[in-house]
Amino acid sequence: MRRIHSIAGILFGVYIALHLIVNFTGWWPMVYQQNVDKIYDLEPNLPLIEIVFIFLPLAIHLIWGIYRATVNINYGTTT
């Protein structure tokens, strides 16, 4: 579960980085519109892509992180 938690965090981090990069191109309206058009070209599969690569990793990372914080699971420590 620890690896899944890490992978989910990485996937969501990649999404955040791409999101910020695309938004940064807003300084150049034509480039921004091209980026937005590339995203909308994925349209038939866009909801599935969003669920698999954004919402599911976020949910896994969030739920396991809250569980780990409340139950106080310490990996790699021996007491």
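**View 1. Trp-64 and Tyr-67 share helix α3 (residues 46–71), where they sit 3 residues apart, about one turn of the helix.** Helices are DSSP runs (H or I, at least four residues) and strands likewise (E, at least two), numbered from the N terminus. The model is predicted: local features need pLDDT of at least 70, side-chain atom pairs count only at pLDDT 80 or more, and totals for chains, interfaces and linings use all residues. Residues are numbered from 1 along each chain as its sequence is written, and side-chain values use heavy atoms, with hydrogens and water left out. Trp-64 is buried at a relative accessible area of 15%, whereas Tyr-67 is partly exposed at 38%. Buried means under 20% relative accessible area, exposed over 50%, and partly exposed in between (1.4 Å probe, protein chains only).

**View 2. Phe-12 and Tyr-15 form a tilted aromatic pair.** A search of the whole structure gives 3 aromatic pairs. In this one the ring centres are 5.8 Å apart and the planes meet at 40 degrees, so the pair counts as tilted. Rings of Phe, Tyr and Trp (its six-membered ring) pair if their centres lie within 6.5 Å; planes under 30 degrees apart are stacked, over 60 edge-to-face, and the rest tilted. Both residues belong to helix α1 (residues 2–24), with a spacing of 3 residues, about one turn of the helix. Phe-12 is partly exposed, with a relative accessible area of 22%, and Tyr-15 is partly exposed as well, at 27%. Trp-64 and Tyr-67 of the previous view also make a tilted pair, with 5.0 Å from centre to centre and 35 degrees between the planes.

**View 3. The largest pocket holds about 590 Å³ of space.** A pocket is an open set of points on a 1 Å grid over the protein atoms alone, where a 1.4 Å probe fits, with protein on both sides within 12 Å along at least five of seven lines; lining residues have an atom within 4 Å of a point. Grid points are joined across faces, edges and corners, and the volume is the space filled by probe spheres set on the points. Of the 18 lining residues, Tyr-15, Leu-18, Ile-39, Leu-46 and Ile-54 lie nearest the centre of the pocket. Helices α1, α2 (29–40) and α3 each supply at least two lining residues, and α1 gives the most, with 7. By type, the lining comprises 15 nonpolar, 2 polar and 1 charged residues. Ala, Val, Leu, Ile, Met, Phe, Trp, Tyr, Cys and Pro count as nonpolar, Asp, Glu, Lys and Arg as charged, and the others, Gly among them, as polar.

**View 4. His-5 lies in helix α1.** His-5 is buried, at 12% relative accessible area. Residues up to four places away in sequence aside, His-5 touches Ile-60, His-61, Trp-64, Gly-65 and Arg-68. Contact means heavy atoms within 4.5 Å.

**View 5. Thr-25 is placed in the loop between α1 and α2.** With a relative accessibility of 11%, Thr-25 counts as buried. Apart from neighbours within four places in sequence, Thr-25 has contacts with Val-31, Tyr-32 and Asn-35.

**View 6. The protein chain contains 3 helices and 0 strands.** Along the sequence the pattern is α-α-α. Of the 79 residues in the chain, 11% are buried. Among contacts with a separation of 6 or more, 55% join residues 24 or more positions apart.
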